[in-house]
Amino acid sequence: MSRDEYFMDIALKEAKKAYNKGEVPIGCVIVKDDKIVSRGHNQVLSKKSGVNHAEIIAINKAGQKLGDFRLEDTELFVTLEPCCMCAGAIVNSRIKRVIIGAMDVKRGFCGSIENVLDRQELNHRSIIKTGVLEQKCLEILQNFFKNLRSEKKNK
């Protein structure tokens, strides 16, 4: 298992926490100097707020732990391509590298719809790597939505 796969596997464990709570299963970890600084998973339903995405939670925790909003020497591992809100937060936080499990062709702003992380007009650009443990990242999402549709059908 590569280093990127190792940290993505931990992000997947965060996604499983969201799955078990009935949240869309997306997980995120932020790493600095090969150590996990923070973790997050979707909590939109439980917190009743559309901004409680895995990335936002992990970014907030990392800033608190490191004592700065600038997360310049960090890497963010996330199981699904960040949306426009999360991509903006990554730019504002100056995260150096973003490692993505699966791309999101309907909501992704790190290459699918637009690439906010590589806009020349912005004050920061992140290095992006995609497809890390992609199949596992897709499977947890597909299983979640399959089960959700099944539950709705049975009501």
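A residue is termed buried under 20% relative accessible area, exposed over 50% and partly exposed in between (1.4 Å probe, protein chains only). This is a predicted model, in which local features need pLDDT of at least 70 and side-chain atom pairs count only at pLDDT 80 or more, while totals for chains, interfaces and linings use all residues. Residues are numbered from 1 along each chain as its sequence is written, and side-chain values use heavy atoms, with hydrogens and water left out.

Select Cys86 to begin. The residue is part of helix α4 (helices are DSSP runs of H or I, at least four residues, and strands are runs of E, at least two, numbered from the N terminus). Cys86 is buried, because its relative accessibility is 0%. Beyond four places in sequence, Cys86 touches His53, Glu55 and Ile56, contact meaning heavy atoms within 4.5 Å.

Next, select Cys83, in the loop between β3 (75-80) and α4 (84-93). Cys83 is likewise buried, at 15%, and its contacts beyond four places in sequence are His53, Arg107 and Phe109.

Now display His53 with both cysteines: an unreviewed UniProt entry gives "binding site" at His53, Cys83 and Cys86, and such annotations may be inferred rather than shown by experiment. Although they span 34 residues in sequence, no two of their C-alpha atoms are more than 9.3 Å apart, so they gather at one spot.

Finally, move to Ser38 in strand β2 (residues 35-41). Ser38 is buried at 4%, and a polar atom of its side chain lies 2.7 Å from the backbone oxygen of Ala58. Opposite Ser38 stands Ile30.

Note on methods: Polar contact = N/O pair within 3.5 Å; in protein donor to acceptor, adjacent residues only side chain to side chain. Pairing = 2+ DSSP bridges.
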